[in-house]
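Trainee: I'd like to learn how to read a pocket in a model. Could you walk me through one?

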Amino acid sequence: MTDPLYRRVIVKLSGEALTGPKDFGIDQTTVERIAADLAAASKLGVELGVVVGGGNIFRGVEVSSRGVPRPVGDSMGMLATVMNCLALEEAIERAGREARTLSALAMPSVCETYNRKRAQKNLGKGRVVLLAAGTGNPFFTTDTTAVLRAAELDCQAVLKATNVDGVYTADPKKDPKAKRYEKLSHQEALEKNLKVMDSTAFALARENHMPIIVFSIADKGAIEAVLRGKGRSTVIG
Ligand code: UDP
């Protein structure tokens, strides 16, 4: 078996990755499967930070379209990411790996507050670090958070989990001729206005030379495959 290509990475999971067959919220079977994948990847000796979205529960923009001020909606969205992280933290520990949730919004009776040194210390101990509450600021996304944390924690890549095994020339579900890109530059990702991440996230990745690897989380063992440079994906950067 090939050795992992990376020493430390951020895995970005959208909230929707946790809904499984449901339309909303957290599907426990799906959480257990993804947690087992993360635990297996961590057992390879790769230090894993995990940024989890909250779109399966709340998205600030959607809440604000109902008349709630956007910063309030965004706070609700950030709290949703904490719930997702807590669900994953427990499941990762049941899968045999230590895990810690660090939240960018202070909530000391629930979990520790994020700071860079604390995150690095936990990563260095081989714990899976769940980075909750996004950046802690409204008007940002958890994709941007993933790139930000990757840069500040000296990670070598962001592994962006999606439902598709990479970036395609067109929607592969609608267009049978759609081709998957093997590689793209950050600039190309920005110019093509790819929907796989928001432009703030791509711009931050470009400035910090941070590779983004887009892969599908649908298959068991997908995270380990990416870490070993196997499986299907698109590398941006
Ligand atoms: N959010 C925020 N600041 C951040 C990250 C997230 O305000 O730094 C809020 C925002 O409302 C967002 C929600 O949290 O809609 C959930 O995050 P995101 O939409 O990125 O989740 P995903 O689509 O990955 O599930």
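**Reading a pocket**

Mentor: α2 (60–64), α3, α5 and β6 (157–162) each give at least two residues to the lining of the largest pocket; helices (H or I, at least four residues) and strands (E, at least two) are DSSP runs numbered from the N terminus. This is a predicted model, where local features need pLDDT of at least 70 and side-chain atom pairs pLDDT 80 or more, while totals for chains, interfaces and linings use all residues. Residues are numbered from 1 along each chain as its sequence is written, and side-chain values use heavy atoms, without hydrogens and water.

Trainee: How much space lies in the largest pocket?

Mentor: Rolling a probe the size of a water molecule over the atoms shows where empty space is left. A pocket is an open set of points on a 1 Å grid over the protein atoms alone, where a 1.4 Å probe fits, with protein on both sides within 12 Å along at least five of seven lines; lining residues have an atom within 4 Å of a point. Here the largest pocket holds about 1,100 Å³, the space filled by probe spheres set on the points. Among its 45 lining residues, Arg59, Asp143, Lys160, Lys195 and Val196 are closest to the centre. α3 gives the largest share of that lining, five residues.

Trainee: Which residues come nearest to the ligand?

Mentor: The ligand takes up the space of the largest pocket. Gly15, Asp74, Thr135, Asn137 and Thr142 come nearest of the 20 residues around it, counted by a heavy atom within 4 Å. α3 supplies the largest share of this shell too, three residues.

Terms used
Sits in = over half its atoms within 2 Å of the grid points.
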